[in-house]
Amino acid sequence: MEMVVPPWLESLLSAAFFTICPRHREAPRSECNMFCLDCNTDSFCFYCRSTQHKDHPVIQIRRSSYHDVVRVAEIQKVLDISGVQTYVINSARVLFLNERPQPKSSTSKGVSHLCEICGRSLLDPFRFCSLGCKLVGIKNSGDTNFNLSTKNEEIRDGKARRLPSKEEEELREGSQQDMYKSTPIPPHSTSRRRKGIPHRAPLGP
């Protein structure tokens with residue numbers, strides 16, 4: 001029987017990231033923002049990786065609005081992420097590790113796509129808002145999994161879904177948006193002649 005959930009996934013989702021490494025507290029890159037898939041333990045920093053996890057498969061966690069995210073380019077090598085909403089942040093496509101609290105004032109009225117687990121509104125027709133919600137979905141229904149062998153064709157081909165340009169721009173952080181857009185040239189009209197400098201009629205002989 002194929003494994004639908006890798007043994008390290010729940011540890012990844014429950015790990016605390018961006019704490020200060022106790023071994024390298026005084027070092028400039030002491031944030032614990034990495035996770036080893038082989039060791040399946042706590043998060044660790046840049047220096048711990050070079051000394052204790054040098055040849056191990058490691059993924060780096062990043063942050064967006066105080067929530068943990070991982071780049072699609074990294075996680076799709078080890079997990080089937082089909083069904084999980086992705087976003088473009090700082091020109092990189094990412095997905096969230098866990099469910100994010102949704103403001104009480106928000107409403108699902110008029111929203112076409114919702115996370116099947118937490119009800120969070122989604123931008124595209126995906127099933128889940130995060131890896132954590134997909135894990136709950138697997139446990140509840142078993143109609144999906146994280147196994148790469150059953151990965152859908154879109155992800156297998158390495159093609160991440162593009163968001164509509166307006167939504168993508170709203171999700172970009174720290175990047176300058178285009179302020180000038182090309183203006184179409186109006187069609188030439190012969191019905192009106194632009195007034196210009198009057199010309200004298202040629203003088204007779």
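# Sheet, salt bridges and rings

Biologist: How many bridges join strand 1 to strand 2?

Modeller: Strand 2 covers residues 58–64 and runs antiparallel to strand 1. Strands are DSSP runs of E (at least two residues), helices are runs of H or I (at least four), and both are numbered from the N terminus. Two strands pair if DSSP finds at least two bridges between them. For strand 1 and strand 2, the number of bridges is three.

Biologist: What is left out of the side-chain values?

Modeller: This is a predicted model, where local features need pLDDT of at least 70, side-chain atom pairs count only at pLDDT 80 or more, and totals for chains, interfaces and linings use all residues. Residues are numbered from 1 along each chain as its sequence is written, and side-chain values use heavy atoms, leaving out hydrogens and water.

Biologist: In strand 2, which residue is the bridge partner of M34?

Modeller: Strand 1 spans 34–36. Its M34 is bridged to a residue of strand 2, Q60.

Biologist: In what order do the strands form the open sheet?

Modeller: There are five strands, and the pairing is antiparallel. Strands of a sheet pair through backbone hydrogen bonds, either parallel or antiparallel. Here the strand order is 1-2-3-5-4.

Biologist: Which strands stand at the edges?

Modeller: An edge strand here has a single partner strand, so one side is left without a neighbour in the sheet. The twist averages 45° from one strand to the next, with angles taken between N-to-C directions (0 to 180 degrees) of axes fitted to C-alpha atoms. The edges are held by strand 1 (34–36) and strand 4 (87–89).

Biologist: Which residue in the turn of the hairpin has a positive phi?

Modeller: Strand 2 and strand 3 (residues 67–71) run antiparallel, joined by four bridges. Among the bridge partners are R62 and V69. Two residues separate the strands of the hairpin. The turn residue with phi of about 55° is S65.

Biologist: Which residue in strand 5 does V88 stand opposite?

Modeller: Strand 4 and strand 5 (residues 92–96) are antiparallel and joined by three bridges. Across from V88 is R93.

Biologist: With which residue does E74 form a salt bridge?

Modeller: A salt bridge puts a side-chain nitrogen of Lys or Arg within 4 Å of a carboxyl oxygen of Asp or Glu. By this rule the count comes to five. For E74, the closest N and O atoms are 3.1 Å apart, and the partner is R62.

Biologist: How many residues apart in sequence are the parts that E74 and R62 tie together?

Modeller: R62 is partly exposed at 23% relative accessibility, and E74 is partly exposed at 21%. Partly exposed lies between buried (under 20% relative accessible area) and exposed (over 50%), with a 1.4 Å probe and protein chains only. E74 belongs to helix 3 (residues 72–75) and R62 to strand 2, so the pair links parts whose separation in residues is twelve.

Biologist: Which residues are linked with R127 in a network of salt bridges?

Modeller: R127 is partly exposed, at 24%. Its closest N and O atoms with E116 are 2.8 Å apart, and with D143 the N to O distance is 3.1 Å. R127 sits in the loop between strand 7 and helix 4, D143 in the loop between helix 4 and helix 5 (153–156), so their bridge spans 16 residues of sequence. The residues networked with R127 are E116 and D143.

Biologist: What covers the buried residues of helix 4?

Modeller: The buried residues of helix 4 are L131, G132, C133, K134, L135, G137 and I138. Contact means heavy atoms within 4.5 Å. The cover includes helix 1 (9–14), helix 3 and strand 5.

Biologist: How many aromatic pairs does a search of the whole structure find?

Modeller: Rings of Phe, Tyr and Trp (its six-membered ring) pair if their centres lie within 6.5 Å; planes under 30 degrees apart are stacked, over 60 edge-to-face, the rest tilted. F46 and Y47 have centres 5.2 Å apart and planes at 85°, so they are edge-to-face. Y87 and F96 are also edge-to-face, at 5.5 Å and 80°. The search finds two.

Biologist: Which residue lies over the face of F96?

Modeller: Y87 and F96 are both buried. A charge sits over a ring if NZ of Lys or CZ of Arg is within 6 Å of the ring centre and within 35 degrees of the ring normal. At 3.7 Å from the ring centre of F96 lies R100.
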